[in-house]
Protein chains: 2
Amino acid sequence: MKKSQAPTLVDVAREAGVSLKTASRVLNESSNVNEKKVARVQAVMERLGYRPNELARGLKARKSEAIGMIVPNLSDPFFGNAVKAVQEGARAKGHVVIVSSSGGYPDLERSEIETMVRRQIDGLVIAPADSCKNNLVRIIPSNLPVVTFDEPIQDARYDSVTITNRESAREATQHLLDHGARRIVVVGARPYLHTCAERVAGYREAMEGAGHTPRTCLVEHENMLTAEWLKSQILGKKRADAIFSLNWVCTMLTLHALRDLGMEVGRDILLLSFDDFDLADMLTPALSAVAQPSEKLGAEAIRLLFERLKSGTETSPRSVVLPTRLVLRESCGCRR
Amino acid sequence: MKKSQAPTLVDVAREAGVSLKTASRVLNESSNVNEKKVARVQAVMERLGYRPNELARGLKARKSEAIGMIVPNLSDPFFGNAVKAVQEGARAKGHVVIVSSSGGYPDLERSEIETMVRRQIDGLVIAPADSCKNNLVRIIPSNLPVVTFDEPIQDARYDSVTITNRESAREATQHLLDHGARRIVVVGARPYLHTCAERVAGYREAMEGAGHTPRTCLVEHENMLTAEWLKSQILGKKRADAIFSLNWVCTMLTLHALRDLGMEVGRDILLLSFDDFDLADMLTPALSAVAQPSEKLGAEAIRLLFERLKSGTETSPRSVVLPTRLVLRESCGCRR
DNA sequence: CTGAAAGCGCTAACAA
DNA sequence: TTGTTAGCGCTTTCAG
């Protein structure tokens with residue numbers, strides 16, 4: 001009994017009266033084929049609506065032309081932009097992107113990597129959920145090209161794309177100092193992240209450089225950042241005069257918390273955000289922020305990945321560090 | 001010469017001193033295997049770090065356990081949320097998601113579909129770039145399960161997930177009317193989209209129902225929505241007293257344009273947005289909006305897809321229509 | 001319970 | 001220039 005499946009190269013070959021290999025050659029635009037046959041085979045392909053099975057091709061070629069991408073949160077615009085850039089870069093090279101959200105959970109992240117490896121991805125672009133004492137290295141095959149971005153993995157021989165976390169944080173803090181702020185608190189979450197730690201370090205450097213006491217307010221996870229908690233942190237005996245919030249989520253929560261506390265940004269307290277976003281300029285006062293080049297991060301990551309795909313996994317890892325842009329609007333104390 | 005590749009089932013079998021088939025049975029947890037051999041094989045798998053090649057498996061099984069997802073723009077939070085939900089739903093069933101951004105270009109969309117079909121995706125979730133006279137149907141194999149969301153494809157036998165575009169727009173418009181607005185203009189882009197057309201229709205119904213003249217201001221594409229253009233539309237002889245903007249991008253552009261024109265929302269003009277987003281509540285005045293359940297759309301889409309995967313492509317298509325939520329804040333004229 | 005052999009759709013030696 | 005013959009890594013009749 002014939003199967004009613006999609007036509008295969010065998011069907012095409014039979015129908016065109018040529019051998020399988022000839023059909024294959026036509027498919028691959030190999031040069032050594034009689035023109036008449038080429039035309040005939042192509043006509044048959046057209047007529048049958050033939051589509052090559054890329055999986056079968058990949059099995060033979062030992063590559064899938066698929067790259068995996070794992071981020072903590074697909075609905076965060078920062079990662080959305082990065083995924084978009086990676087996908088576009090991959091497409092330009094004929095690759096597809098298998099994407100996954102780890103939710104920031106290392107366990108999930110590992111199991112997603114496992115899944116992708118079993119699917120024979122040719123490379124992996126990942127924004128690790130947890131960076132330092134990382135056990136990802138154990139489960140990633142040593143010959144799989146990997147590029148980390150946003151958060152690097154310590155001591156791993158992977159290419160990485162990051163931003164100037166420390167310098168940018170220092171510069172931002174300095175800007176608040178320049179506006180006369182003295183009791184600046186830094187609000188962040190998940191201090192075990194390298195990204196967070198670096199930003200805090202930059203903040204510290206600026207504060208200590210100016211002879212002021214750093215006040216770090218870090219929670220284990222963003223969901224612990226409540227108005228109640230924030231209040232206790234900024235309304236102590238020494239009331240804070242500025243907040244430097246370390247990522248998009250923290251900024252959002254801080255903004256809401258401040259409103260709940262009846263505090264007005266710009267009047268009662270200054271605010272500067274690490275991460276810029278749409279409509280930040282439409283807030284009252286307009287929010288000043290450190291803007292990360294999110295698409296650029298993705299674009300660089302995929303670029304590095306393809307270079308690695310060529311050069312093999314042996315040559316020493318490369319890191320790209322991208323600059324940020326301090327967007328001064330009003331919440332930091334600037335006037336328009 | 002032996003290859004230094006990853007171990008295969010053959011390697012495992014040889015190493016464990018069993019036949020290939022026995023190893024395969026162990027891998028698939030088939031019941032009829034001697035327990036000792038099971039243990040032995042598993043030990044070898046462990047030791048060798050064996051990972052089954054899912055592509056090879058899929059070739060045999062004629063399925064990839066991969067589903068494709070195509071959206072116009074991955075960096076739009078609406079789609080980011082949907083992708084996230086789809087990916088999570090797919091993961092729960094052991095499938096991966098191949099994702100792609102069409103940029104809203106039908107050509108790109110088609111070529112992405114082609115790519116995915118060649119990769120043997122088991123199903124497709126798509127937010128079409130262009131809905132009506134759609135030629136997607138021609139290139140999608142008739143036995144491929146497809147679920148459209150956000151924008152349906154006219155006359156196609158696909159499952160679909162949409163929202164109550166018309167009713168929601170009518171309700172929103174009515175709300176503006178209730179606040180005393182009379183010269184309400186609707187600002188939208190890409191009127192050829194079903195989504196847009198439905199929203200405009202709902203707006204019309206409300207306006208005509210109240211005996212007022214609809215004023216539709218539609219541009220072919222969002223990038224034509226400039227401050228200059230908006231000015232000409234709302235400052236005519238009959239100056240508009242309210243704007244109903246039809247999607248996130250239009251709202252953003254409108255907000256900026258109004259500021260550039262020196263018009264203050266709430267005082268000079270009312271504003272209601274189709275699409276809610278983070279920080280809409282932090283604007284001054286807080287923005288009122290029709291909130292779409294973006295994650296829910298994705299979740300329903302993947303649910304329908306898996307049902308379709310079971311039932312086959314024959315049974316009649318299902319459509320799910322999700323309600324929206326009118327979030328009343330201040331920009332529509334409400335007071336808090 | 002186990003294994004030899006065939007084959008999923010395609011490509012690549014190796015002849016012809 | 002072409003076709004034959006082996007596989008890629010896995011599953012699966014179908015005999016032992």
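## Sheets, chain contact and DNA surface

Let's start inside chain B of this predicted model, at one strand: B:Val146 and B:Thr148 point one way from β4(B), B:Val147 and B:Phe149 point the other way, and all are buried. Buried here means that 20 or more other C-beta atoms, placed from the backbone, lie within 10 Å of the residue's own. Helices (H or I, at least four residues) and strands (E, at least two) are DSSP runs, numbered from the N terminus.

Residues are numbered from 1 along each chain as its sequence is written, while chains are lettered from A and ligands numbered from 1 in the order in which they are written. As the model is predicted, local features need pLDDT of at least 70 and side-chain atom pairs count only at pLDDT 80 or more, whereas totals for chains, interfaces and linings use all residues.

How many strands does the open sheet with β2(A) and β2(B) in its order have? It has 12, in the order β11(A)-β5(A)-β4(A)-β3(A)-β1(A)-β2(A)-β2(B)-β1(B)-β3(B)-β4(B)-β5(B)-β11(B), with mixed pairing. At its edges stand β11 (319–322) of chain A and β11 (319–322) of chain B, each pairing on one side only. From one strand to the next, the twist averages 20°. Axes are lines fitted to C-alpha atoms, for helices over the stretch in contact, and angles run from 0 to 180 degrees between N-to-C directions.

In general, strands of a sheet pair through backbone hydrogen bonds, either parallel or antiparallel. Two strands count as paired if DSSP finds at least two bridges between them. Some pairs from this model are set out below.

| Strand pair | Sense | Bridges | Opposite residues |
|---|---|---|---|
| β2(A) and β2(B) | antiparallel | three | A:Ile98 and B:Ile98 |
| β4(B) and β5(B) | parallel | three | B:Thr148 and B:Ser160 |
| β6(B) and β8(B) | parallel | four | B:Ile184 and B:Ala242 |

**Where the chains meet**

The contact between the chains takes 38 residues from chain A and 38 residues from chain B; two residues are in contact if their C-beta atoms, placed from the backbone, lie within 7 Å. On the chain A side, α5(A) gives the largest share, seven residues. By class, that side has 19 nonpolar, 12 polar and seven charged residues. Ala, Val, Leu, Ile, Met, Phe, Trp, Tyr, Cys and Pro count as nonpolar, Asp, Glu, Lys and Arg as charged, and the others, Gly among them, as polar.

**A second sheet in chain B**

Chain B also has an open sheet of six strands, ordered β7-β6-β8-β9-β10-β12, with mixed pairing. β7 (215–219) and β12 (325–327) stand at the edges with a single partner strand each, so one side of each has no neighbour in the sheet. The twist here averages 15° from one strand to the next. Helix α8 (residues 165–178) of chain B lies across β6, β8, β9, β10 and β12, running at about 170° to β9(B).

**Around DNA strand D**

Which of the 25 residues around DNA strand D come nearest? They are A:Ser19, A:Asn34, B:Thr8, B:Leu9 and B:Asn53. A residue is near a strand if its C-beta atom, placed from the backbone, lies within 6 Å of it. In both chains, α2 (20–27) and α4 (54–61) give two or more residues to this surface, which divides into 10 nonpolar, nine polar and six charged residues.

Technical notes
Buried ≥ 20, exposed ≤ 12 C-beta atoms within 10 Å, placed from the backbone.
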